[in-house]
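Work through each task before reading its solution.

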Amino acid sequence: MNRVPQSPWLERFAVFASVAAAVFGLAHGLSPMPGLTERLRDDAFYEFAWAANLASGYGPSVSDGVATSGVQILWSLLLVPFAWVGGAACLPIVAPWFGLVLHFGASLLWLLRGTDRVAALCVSLCWLGNPLLVRECQNGQETALACFLLVWLWQSRHATGRRFWLIAALCVLARTDLFAIVFSLALWRHRQRPLFALRWPLAL
């Protein structure tokens with residue numbers, strides 16, 4: 001099949017519109033001082049307390065002496081080094097900006113892993129400026145991490161089994177409800193042998 005020639009003017013317009021969308025989305029969605037009243041979620045402080053207690057040597061707990069696993073484990077573990085260095089008080093400040101870094105990282109994945117240069121740039125910019133993603137990446141929770149890993153998983157859907165399942169495991173550790181997406185991609189990868197696809201998801 002012959003490829004339909006692309007108009008250079010159409011490509012320039014698509015890039016211009018994507019840049020405008022990124023600038024507009026960041027300008028209206030990004031909070032320079034994310035706080036509890038307009039950005040951080042209440043549940044984020046549950047994970048902050050868990051990470052701070054683990055960093056202080058009190059174990060994986062929220063209340064003193066009571067171990068709990070009621071957190072999204074990968075995000076909470078990533079917060080532990082920040083709590084160890086800067087104390088518990090730094091987490092409400094660090095977490096929203098760490099989430100923003102992960103949001104930029106997901107946008108960069110779309111840019112670097114795309115096969116069509118212009119299309120990859122447009123997708124990257126539209127992802128970067130999506131107002132909902134910009135707001136949610138600063139909520140102090142695992143949203144940005146889960147989005148970053150999902151983008152990575154999608155782009156690795158044709159990768160070798162070991163690499164794919166490593167990223168899939170990270171996705172489930174980031175958010176347990178991503179298991180459904182992992183399971184769906186596993187079925188797609190092994191659509192000729194669907195029973196084989198059940199082995200690793202059930203192990204996760």
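**Exercise 1**

Is the crossing of H4 and H7 left-handed or right-handed? The model is a predicted one. Also describe how the two helices are arranged and which residues meet.

Solution. 

1. The crossing of H4 and H7 is left-handed.
2. The axes of H4 and H7 lie 8 Å apart, and the packing angle is about 15°.
3. Angles under 35 degrees count as roughly parallel, and H4 and H7 are therefore roughly parallel to each other.
4. On the H4 side, the contact is made by Gly99, Leu102, His103, Gly105, Ala106, Leu109, Trp110 and Arg113. They meet Ala144, Leu145, Phe148, Val151, Trp152, Trp154 and Gln155 in H7.
5. Sorted by class, the residues of this contact of H4 with H7 are 10 nonpolar, four polar and one charged.

**Exercise 2**

Find the largest cavity and state which residues line it.

Solution. 

1. The structure holds one cavity of 30 Å³ or more.
2. The volume of the largest cavity is about 50 Å³.
3. Its lining consists of Leu102, His103, Ala106, Trp127, Leu133, Cys137, Thr143, Ala144, Cys147 and Phe148.
4. Helix H4 (91–113) and helix H7 (143–155) are the elements that give two or more residues to this lining. H7 gives the most, with four residues.
5. The lining of the largest cavity has eight nonpolar and two polar residues, and no charged ones.

**Exercise 3**

Describe the packing of H4 against H5, and state which residues of the two helices meet.

Solution. 

1. H4 and H5 pack with their axes 7 Å apart, at an angle of about 165°.
2. Angles over 145 degrees count as roughly antiparallel, and H4 and H5 are therefore roughly antiparallel to each other.
3. The crossing of H4 and H5 is right-handed.
4. From H4, the residues in contact are His103, Phe104, Ala106, Ser107, Leu108, Trp110 and Leu111. Their partners in H5 are Ala120, Leu121, Val123, Ser124, Trp127 and Leu128.
5. The contact of H4 with H5 comprises 10 nonpolar residues, three polar residues and no charged residues.

**Exercise 4**

How much space lies in the largest pocket, and which residues line the pocket?

Solution. 

1. The largest pocket holds about 200 Å³ of space.
2. Trp110, Arg113, Gly114, Thr115, Asp116, Ala119, Ala120, Val123, Trp154, Gln155 and Arg157 form the lining.
3. At least two lining residues come from each of H4, helix H5 (117–128) and H7. H5 supplies the largest share, three residues.
4. The pocket lining contains five nonpolar, three polar and three charged residues.

**Exercise 5**

Describe how H7 packs against H8, and sort the residues of the contact by class.

Solution. 

1. H7 and helix H8 (residues 161–174) have axes 9 Å apart and pack at an angle of about 160°.
2. That angle makes H7 roughly antiparallel to H8.
3. The crossing of H7 and H8 is left-handed.
4. H7 contributes Leu145, Ala146, Leu149, Leu150, Trp152 and Leu153 to the contact. H8 contributes Arg163, Phe164, Ile167, Ala168, Leu170, Cys171 and Ala174.
5. The contact of H7 with H8 has 12 nonpolar residues, no polar residues and one charged residue.

Notes. Residues are numbered from 1 along each chain as its sequence is written. This is a predicted model: local features need pLDDT of at least 70, side-chain atom pairs count only at pLDDT 80 or more; totals for chains, interfaces and linings use all residues. Side-chain values use heavy atoms; hydrogens and water are left out. On a 1 Å grid over the protein atoms alone, a cavity is a set of points where a 1.4 Å probe fits but cannot get out, and a pocket is an open set with protein on both sides within 12 Å along at least five of seven lines; lining residues have an atom within 4 Å of a point. Grid points are joined across faces, edges and corners, and a volume is the space filled by probe spheres set on the points. Ala, Val, Leu, Ile, Met, Phe, Trp, Tyr, Cys and Pro count as nonpolar, Asp, Glu, Lys and Arg as charged, and the others, Gly among them, as polar. Axes are lines fitted to C-alpha atoms, for helices over the stretch in contact, and angles run from 0 to 180 degrees between N-to-C directions. Angles under 35 degrees count as roughly parallel, over 145 as roughly antiparallel, 65 to 115 as roughly perpendicular and the rest as oblique. A crossing is left-handed if the near helix is turned anticlockwise from the far one by less than a right angle, and right-handed if clockwise. Contact means heavy atoms within 4.5 Å.
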